[in-house]
Amino acid sequence: MTPTQFPDGMAFVQGRYVPIAEAAIPITDWGFLRSDATYDVVTVWDGAFFRLEAHLERFLHSCQRWRLDPGLNAQQITEVLSQCVRLSGLRSSYVEMICTRGQPAWGSRDPRQAVNQFYAFAVPYVWIANAEQRDQGLHLKISEVQRIPSTSVDPRAKNYHWNDLTMGLLDALDAGADSVLLVDAQGNVVEGPGFNVFCLRHGALITPDAGMLEGITRRTVIEIAQSRGMTPQLRPLPADELRHADEVFITTSGGGILPVTRVDQCQIGDGRPGPITRQLIQTYWDWHQNPAYSLAIDYSR
Ligand code: PLP
């Protein structure tokens, strides 16, 4: 048993480890002023990171895409993240790494002159759906709000350009739904605030192939499906096809695979989480025990 020393979490800010409540960034950092930042979130479950390598690879790719330099390599980042978790004492944690543009010399508007900054924190595990929603399934609204086109902001590189997601979410919550899915210009669903989407229709497992972040949980579901002999279809997913699917679920590091039982006014299947969704959820959590995907944290150091 590890005592939880800082149960609210620990952060890494400007080279120092501080309790989460004391973590702060300079107000002039372009990460704050312009959403000019990238990030990634990896989880710790039962004292071990899940698919850390994949998250690090995606984070470093996002940094490169936005011309940001975190100043640390994958091994050094692993050490910082592990230390945040270790100092917090948390056995289940939501661990975020962030690289911001920083601030150019005062008065300069040249981003190349900014000194990029690396931040990280570990807080208690975050579920993006509550226990009842996980048990009964979520109600999603398909938004009229279009996701920012990929030609403007590449959604495969993680970013904080979330106004479209947040406006869509507010509309959905006002309408009584639990969350929202945004569409592209052709009316295909792409993703929601912090999650990817899948459906099962006539035995086929379908997920969008473009216009969204390529989630690590999405990748895990694709791999689980392939390991069971299924061939997932990665292709555009029209909103109406989703409304009339046999099963729907969303995927996120904030809770794994989460069942959806209503899309707009349409009940999905018999209104309860579907059998394949439930099997995938089981396998997703089983895979957390697989040494190929988990990296145990040494809390004794
Ligand atoms: N889509 C967006 C916009 C996200 O921000 C996230 C996660 O933060 C996801 C999808 C799901 O990705 P992952 O499964 O790697 O958590």
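Modeller: Start with a term. A nonpolar core is a set of buried Ala, Val, Leu, Ile, Met, Phe, Trp, Tyr and Cys residues joined through side-chain atoms within 4.5 Å. Buried means under 20% relative accessible area, exposed over 50%, and partly exposed in between (1.4 Å probe, protein chains only). The model is predicted: local features need pLDDT of at least 70, side-chain atom pairs count only at pLDDT 80 or more, and totals for chains, interfaces and linings use all residues. Residues are numbered from 1 along each chain as its sequence is written, and side-chain values use heavy atoms, with hydrogens and water left out.

Colleague: How many residues does the largest nonpolar core have?

Modeller: It has 25 residues. Phe49, Leu81, Val85, Val95, Met97 and Phe118 have the most contacts inside it.

Colleague: Which element gives the most to this core?

Modeller: That is α3, with five residues. Helices (H or I, at least four residues) and strands (E, at least two) are DSSP runs, numbered from the N terminus.

Colleague: What does Val85 touch?

Modeller: Leaving out residues up to four places away in sequence, Val85 touches Val44, Phe49, Leu90, Ser93, Val95, Ala122, Ile297 and Tyr299. Contact means heavy atoms within 4.5 Å. There is also a second, separate core of 22 residues, including Leu138 and Val189.

Colleague: New topic. How is the protein divided into domains?

Modeller: Into domain 1 (10-124) and domain 2 (131-287). The bounds come from an automatic or database domain assignment. The contact takes 18 residues from domain 1 and 20 residues from domain 2. Taken over C-alpha atoms, the domain centres are 26 Å apart.

Colleague: And what is the volume of the largest pocket?

Modeller: About 500 Å³. On a 1 Å grid over the protein atoms alone, a pocket is an open set of points where a 1.4 Å probe fits, with protein on both sides within 12 Å along at least five of seven lines. Lining residues have an atom within 4 Å of a point. The volume is the space filled by probe spheres set on the points.

Colleague: Which residues lie nearest its centre?

Modeller: Tyr39, Lys158, Trp162, Gly194 and Phe195, out of 33 lining residues. Domain 1 and domain 2 each give at least three residues to the lining.

Colleague: Last one. Is Asp36 buried or exposed?

Modeller: Asp36 counts as buried because its relative accessibility is 15%. Asp36 sits in the loop between α1 (30-33) and β3.
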